[in-house]
Amino acid sequence: MAHAMRRRSSVSLFATDGKAHPLQDSLVAVTLVLGAVAFVTAMFHNLHLISSWAGLIGILTGAYGQYVSVTTRERFPLIVGLGASAIGFFLGMAHGGLFGGVLG
């Protein structure tokens, strides 16, 4: 018996509603990259400027991504990126902060 094949109209990896969400997908990718950078560089004491700034921008990007996200598949990686960004930001702040050694 032949079954009708349903064509996938969505190109988005994270959309479950059948629509493309390019802004949300971009925010997810940026938040994950910034979170990874902030988390990895927070492990090194002398890279506190990178970890604190990448963490701060990752937190802001992830928060806006949560605000405009539509599906749960978009929200889950945003939370992972937000967590990594927050850890990197707080460790970067503990190691010297956003301007540590540059402005005085």
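Predicted model: local features only at pLDDT ≥ 70, side-chain atom pairs only at ≥ 80, totals over all residues.
**Figure 1. Overall arrangement of the protein chain.** Of its 104 residues, 38% count as buried. Contacts between residues at least 6 apart in sequence are made in 71% of cases by residues at least 24 apart.

**Figure 2. Packing of helix H1 against helix H2.** Helix H1 comprises residues 22-41 and helix H2 residues 48-68; their axes come within 8 Å and cross at roughly 155 degrees. This angle makes H1 roughly antiparallel to H2, since angles over 145 degrees are classed in that way. The crossing of H1 past H2 is left-handed. On the H1 side, the contact is formed by Leu-23, Gln-24, Leu-27, Val-30, Thr-31, Leu-34, Val-37, Ala-38 and Thr-41. By class, the contact of H1 with H2 has 11 nonpolar, nine polar and no charged residues.

**Figure 3. Helix H2 and its buried residues.** The 21 residues of H2 reach 30 Å from the first C-alpha to the last, close to the 30 Å expected at 1.5 Å a residue. Buried positions in H2 are His-48, Ser-51, Ser-52, Ala-54, Gly-55, Gly-58, Thr-61, Gly-62, Gly-65 and Val-68. These buried residues pack against H1 and against helix H3, which spans residues 72-95.

**Figure 4. Packing of helix H1 against helix H3.** The axes of H1 and H3 lie 7 Å apart, and the two helices pack at an angle of about 30 degrees. H1 and H3 are therefore roughly parallel to each other, and H1 passes H3 in a left-handed crossing. From H1, the contact draws on Gln-24, Asp-25, Leu-27, Val-28, Thr-31, Leu-32, Leu-34, Gly-35, Ala-38 and Phe-39. Their partners in H3 are Glu-74, Pro-77, Leu-78, Val-80, Gly-81, Leu-82, Ala-84, Ser-85, Ile-87 and Gly-88. The residues of this contact of H1 with H3 divide into 12 nonpolar, six polar and two charged.

**Figure 5. Packing of helix H2 against helix H3.** The axes of H2 and H3 come within 7 Å and cross at roughly 150 degrees. H2 and H3 are therefore roughly antiparallel to each other, and H2 passes H3 in a left-handed crossing. Residues of H2 in the contact include His-48, Ser-51, Ser-52, Gly-55, Leu-56, Gly-58 and Ile-59. H3 contributes, among others, Arg-75, Leu-78, Ile-79, Leu-82, Ser-85, Phe-89, Met-93 and His-95. By class, the contact of H2 with H3 has nine nonpolar, 12 polar and one charged residues.

Figure 6. Buried residues of H3 are Glu-74, Pro-77, Leu-78, Gly-81, Leu-82, Ala-84, Ser-85, Ala-86, Gly-88, Phe-89 and Gly-92. Their cover includes H1 and H2. Just after H3, Gly-97 takes a positive phi of about 85 degrees.

Figure 7. Ser-85 is found in H3 and is buried, with a relative accessible area of 0%. Beyond residues up to four places away in sequence, Ser-85 touches Thr-31, Leu-34, Gly-35, Ala-38, Gly-55, Gly-58 and Ile-59. The C-alpha atoms of Ser-85 and Ile-59 are separated by 5.8 Å, although the two residues are 26 apart along the chain. Ser-85 belongs both to the contact of H1 with H3 and to the contact of H2 with H3.

**Figure 8. Val-80, a partly exposed residue of helix H3.** Val-80 lies in H3 and has a relative accessible area of 44%, so it is classed as partly exposed. Between the C-alpha atoms of Val-80 and Gly-62 the distance is 9.4 Å, with the two residues 18 apart in sequence. Val-80 is one of the H3 residues that meet H1, whereas Gly-62 is one of the buried residues of H2.

Note on methods: Residues numbered from 1 in each chain as written. Heavy atoms only, no water. Axes fitted to C-alpha atoms, helices over the stretch in contact; angles between N-to-C directions. Helix = DSSP H or I, 4+ residues; strand = E, 2+ residues; numbered from the N terminus. Parallel < 35°, antiparallel > 145°, perpendicular 65-115°, else oblique. Left-handed = near helix turned anticlockwise from the far one by under 90°. Contact = heavy atoms within 4.5 Å. Nonpolar A, V, L, I, M, F, W, Y, C, P; charged D, E, K, R; others polar. Expected span 1.5 Å × (residues − 1). Buried < 20%, exposed > 50% of the residue type's maximum accessible area, 1.4 Å probe, protein only.
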